[in-house]
Amino acid sequence: MSTARKLVLGIETSCDETAAAVVADDRVVLSNVVHSQVKLHERWRGVVPEAASRSHTQRILPIVDQALADAGVRAADLTAVAVTHRPGMVGCLLVGLTAAKTLSWVHGIPLVGVDHVQAHIHAALLAEPNLQLPALALIASGGHTALWQLEAPLRTRRLGTTRDDAAGEALDKGAALLGLPYPGGPSIEQAALGGNASGIDLPRPMLGPDSLDFSFSGLKTALLYQLRGPGAEQPMPVLDATQQRDMSHAYQEAVVDVLVQKLRRAAEQHPSRSLVIGGGVARNKRLRERLASDRVLARLQQVFPPLDLCSDNGAMVALLGGLQFDAGMTSDFDLDAVATADTGSKARVR
Ligand code: KG4
Ligand code: ZN
């Protein structure tokens, strides 16, 4: 492995994936190792912060070693080590931060703190290095749902965000009501196959004619009322397979409809040349189909990254870290874990 290449290690521990990857020259993913904690959190139907950070602590060193080994790179050869330092659960972020700072200190490698949402947006550049800009970006996961415009690498603008639940959270909570396993997005996608939504009336919360914000909490309540009627005293019915399939289909359609319509609105209000998606919900096939066949959105260059670059991963962190490194945006050892996202006009570091 030639040391002339730019080699960035990306470390990601903000939520329930322990991940590390090595990216060369901002374009070649040499390794991308992810350990998902889905099985661990299944019993609680959601991510329990304490359990998540403990699991990160157990996994982080083998995952980093694996990422370096898969890439055929020694830590000392790295150009920089990038790490997600926001947004996320602080106890989880601290695990990745400690690993990154230690590597940085021991090997004298520059440290780069990365914003997780910005990393999701920039992941499209790994999938399509010739991405046409400005790009409209939908980032939808269990923790965040927002529309952004990527004007240039490291220059982003938030156009809208969710006022309550994230899209993935709505799917996770909906799945619980439908008696489907956690995580809800993939289980609803699976259960919805061949479903028919006729006669099932679920809202599409749009928040006014021009809003680019989202609100998903009412949708989950509407599903609850569809299932058992309004009023807390009603028992939850047990659904047969057809009801479960049709309800899953109707619910997925409602979530996807809102995402597609908001993207159309955003494209009209903020002329863009391409459309990119990221976050766990961007794995959804129905969403991808609907975007590809949408009359307005199909005019844009559509970049739907491979599934492993949509959910949380270290490669997106390494890519953004590499871009920040080139721009001189490196971090000191006092780089802190921050629970909230950077909503500023730029993908700043600190
Ligand atoms: O980005 P991610 O892996 O983790 C964070 O939340 O940051 O996203 C997880 C979310 C969960 O809410 C999950 O239900 C949803 O993404 N998800 C999906 C699919 N796969 C994961 N939603 C819809 N369709 C999928 N295929
Ligand atoms: Zn994420």
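**Close-up 1. Polar contacts hold the view here: Gly-142 and ligand 1.** An oxygen atom of ligand 1 sits 2.9 Å from a polar backbone atom of Gly-142. This is a predicted model, so read every distance in these legends as coming from computed coordinates. From Gly-185, a backbone N or O atom lies 2.9 Å from an oxygen atom of ligand 1. On its own, ligand 1 has 550 Å² of accessible area, and the protein covers 90% of that.

**Close-up 2. The shell around ligand 1 has 19 residues.** Those that come nearest are Gly-142, Asp-172, Gly-185, Glu-189 and Gly-280. Sorted by class, the shell holds 10 polar, 5 charged and 4 nonpolar residues. Two helices, α5 (167-177) and α6 (184-191), each put in at least two residues. Of the elements around the ligand, α6 gives the most, with 4 residues.

**Close-up 3. Helix α5 packs against helix α8 (residues 241-269).** Two packed helices are described by the angle between their axes and the distance between the axes. For this pair the angle is about 170 degrees and the axes are 11 Å apart. That makes α5 and α8 roughly antiparallel to each other. On the α5 side, look for Ala-167, Ala-170, Leu-171 and Gly-174; they meet Tyr-251, Val-255 and Leu-259 of α8. The contact of α5 with α8 counts 6 nonpolar residues, 1 polar and no charged ones.

**Close-up 4. Helix α4 (residues 116-127) crosses helix α11 (residues 314-326).** Their axes come within 8 Å, and the crossing angle is roughly 90 degrees. α4 and α11 are therefore roughly perpendicular to each other. α4 brings His-116, Gln-118, Ala-119, His-120, His-122, Ala-123, Leu-125 and Leu-126 to the contact. Facing them from α11 are Ala-315, Met-316, Val-317, Leu-319, Leu-320 and Leu-323. By class, the residues of this contact split into 10 nonpolar and 4 polar, with no charged ones.

**Close-up 5. Tyr-182 and Pro-183 are joined by a cis peptide bond.** Omega here is about -5 degrees. Where does Pro-183 lie? Pro-183 is in the loop between α5 and α6, and both of those helices supply residues to the shell around ligand 1.

**Close-up 6. The peptide bond from Arg-86 to Pro-87 is also modelled as cis.** In this bond, omega is near -20 degrees. Pro-87 is found in the loop that runs between β4 (80-86) and α3 (90-107).

**Close-up 7. Asp-25 has a positive phi.** Most residues other than glycine have a negative phi, and most peptide bonds are trans. The phi of Asp-25 is near 50 degrees. To find Asp-25, go to the loop between β2 (17-24) and β3 (28-36).

Technical notes. Residues are numbered from 1 along each chain as its sequence is written. Chains are lettered from A and ligands numbered from 1 in the order in which they are written. This is a predicted model: local features need pLDDT of at least 70, side-chain atom pairs count only at pLDDT 80 or more; totals for chains, interfaces and linings use all residues. Side-chain values use heavy atoms; hydrogens and water are left out. Axes are lines fitted to C-alpha atoms, for helices over the stretch in contact, and angles run from 0 to 180 degrees between N-to-C directions. Angles under 35 degrees count as roughly parallel, over 145 as roughly antiparallel, 65 to 115 as roughly perpendicular and the rest as oblique. Contact means heavy atoms within 4.5 Å. Ala, Val, Leu, Ile, Met, Phe, Trp, Tyr, Cys and Pro count as nonpolar, Asp, Glu, Lys and Arg as charged, and the others, Gly among them, as polar. A residue is near a molecule or strand if one of its heavy atoms lies within 4 Å of it. A polar contact is a pair of N or O atoms within 3.5 Å; within protein, one must be able to donate a hydrogen and the other to accept it, and residues adjacent in sequence count only if both atoms are side-chain atoms. Accessible areas come from the Shrake-Rupley method with a 1.4 Å probe; for residues, only the protein chains shown count as cover.
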